[in-house]
Amino acid sequence: MWRLVPPKLGRLSRSLKLAALGSLLVLMVVHSPSLLASWQRNELTDRRFLQLNKCPACFGTSWCRRFLNGQVVFEAWGRLRLLDFLNVKNVYFAQYGEPREGGRRRVVLKRLGSQRELAQLDQSICKRATGRPRCDLLQAMPRTEFARLNGDVRLLTPEAVEGWSDLVHCPSQRLLDRLVRRYAETKDSGSFLLRNLKDSERMQLLLTLAFNPEPLVLQSFPSDEGWPFAKYLGACGRMVAVNYVGEELWSYFNAPWEKRVDLAWQLMEIAEQLTNNDFEFALYLLDVSFDNFAVGPRDGKVIIVDAENVLVADKRLIRQNKPENWDVWYESKFDDCDKEACLSFSKEILCARVTVDHNYYAVCQNLLSRHATWRGTSGGLLHDPPTEIAKDGRLEALLDECANPKKRYGRFQAAKELREYLAQLSNNVR
């Protein structure tokens with residue numbers, strides 16, 4: 001029921017990094033011929049490197065032409081496969097260019113999981129289909145639950161996928177219709193009818209939904225429509241491409257005060273938008289850390305760049321079904337744990353209440369207030385305010401009440417006042 005969530009992957013200690021660097025230097029000397037070949041070759045044109053051979057146990061094929069034609073190229077060190085053991089998250093930076101446009105732009109490539117997680121996925125598919133840990137995935141996929149909706153199935157329904165991932169922990173039909181209608185890995189997108197997808201596309205959609213639904217979040221709530229997520233570009237095999245946003249929020253931890261105030265205001269605005277919007281979908285961020293946000297270098301806009309752990313609750317469905325205490329305001333429980341970026345929450349309650357303060361709690365506790373800890377630091381993004389603001393005390397009081405409220409429903413009011421106060425400080429009054 002209740003979950004205390006630490007960050008997904010910890011950082012290597014300095015000693016481990018030094019040891020890894022030493023090992024890398026030895027490997028570079030021993031493997032210098034293969035190292036040169038790796039540097040010169042564009043492995044993003046290799047079907048096996050993209051794991052295109054594993055489809056439909058993959059994330060899509062919409063960008064395969066661009067990859068295979070050599071339009072996507074790793075940046076510098078990303079070309080060295082010897083460095084992959086340090087790249088635990090399997091996230092790469094690359095350059096992409098359209099021949100007709102001229103020039104290149106930066107993109108981010110993701111495998112959506114670690115090597116271990118992807119290997120476990122393969123083993124799971126094989127065991128369900130054949131009872132053995134290894135198999136031909138192409139032959140195995142039609143014998144798994146990912147093929148249960150193949151054939152003349154009209155809709156993707158809640159009963160079929162409920163609980164598969166955070167995105168569909170409590171899905172409504174309205175949400176699932178949206179996922180199918182906006183699914184970008186098919187040529188016939190735009191219809192909520194599942195039967196308009198090929199069987200291979202249905203299996204890819206369901207596998208993505210179960211393994212890591214981030215691409216579906218980005219497609220269903222696109223940046224082009226004002227949602228605060230990175231722009232989804234496409235996929236080829238088990239490589240997903242998204243737009244590069246900018247440096248991670250962490251790099252602004254010691255930025256000038258005015259900049260940090262503006263970023264803090266934007267973070268609170270994101271919390272508000274995801275909680276209350278005209279579409280009546282509440283998008284709750286279950287993993288909030290400095291690494292999961294980035295800042296545009298030109299417009300300074302804050303964007304969510306890791307959307308794997310986003311729970312979507314349909315407020316219309318909650319009002320319609322009226323579960324127990326559905327209209328009682330829910331206050332998230334503050335938990336001063338001894339780990340970085342942890343959150344305490346109940347998915348069941350997030351799915352059953354219309355008015356919830358989770359996003360305000362997550363942003364205030366893990367990013368803004370004195371309770372925020374990350375990479376050995378504390379004090380949050382709004383640490384060390386100017387003397388006059390520190391003496392006034394209002395900012396500290398609002399941050400404390402937002403993170404750890406002392407009054408009943410105090411976080412709701414503190415979040416509202418904090419947004420207004422930060423807007424004044426950053427001249428973002430609208």
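Phe74 and Tyr92 are both buried (under 20% relative accessible area with a 1.4 Å probe, protein chains only; exposed is over 50%, partly exposed in between). The model is predicted, so local features need pLDDT of at least 70 and side-chain atom pairs pLDDT 80 or more, while totals for chains, interfaces and linings use all residues. Residues are numbered from 1 along each chain as its sequence is written, and side-chain values use heavy atoms, with hydrogens and water left out.

The structure holds 16 aromatic pairs. Rings of Phe, Tyr and Trp (its six-membered ring) pair if their centres lie within 6.5 Å; planes under 30 degrees apart count as stacked, over 60 as edge-to-face and the rest as tilted. The ring centres of Phe74 and Tyr92 are 5.1 Å apart and the planes meet at 50 degrees, so this pair is tilted. It links distant parts of the chain: Phe74 is in strand E2 (residues 72–74) and Tyr92 in strand E3 (residues 91–96), 18 residues apart. Helices (H or I, at least four residues) and strands (E, at least two) are DSSP runs, numbered from the N terminus.

For Phe221 and Phe281, the ring centres are 6.0 Å apart and the planes are at 85 degrees, so the pair is edge-to-face. Phe221 lies in the loop between helix H10 (214–220) and strand E5 (232–236); Phe281 is in strand E8 (residues 281–285), 60 residues apart. Both Phe221 and Phe281 are buried. Ring pairs join Phe221, Trp227, Phe279 and Phe281 into a cluster. Arg174 lies over the face of Phe281, at 4.0 Å from the ring centre. Arg111 lies over the face of Phe49, at 4.7 Å. Here, CZ of Arg or NZ of Lys must be within 6 Å of the ring centre and within 35 degrees of the ring normal.

Five strands form an open antiparallel sheet in the order E2-E3-E4-E6-E5. E2 and E5 are the edge strands, each pairing on one side only. Pairing requires at least two DSSP bridges between two strands. Four bridges join E5 to strand E6 (residues 239–243). Val240 in E6 is the bridge partner of Ala235.

Helix H17 (residues 410–425) has 16 residues. Its buried residues include Phe412, Leu418 and Tyr421. The buried residues of H17 pack against helices H11 (257–275), H14 (358–368), H15 (387–392) and H16 (394–403), with contact meaning heavy atoms within 4.5 Å. Asn427 follows H17, with a positive phi near 60 degrees.

Definitions and conventions: Expected span 1.5 Å × (residues − 1).
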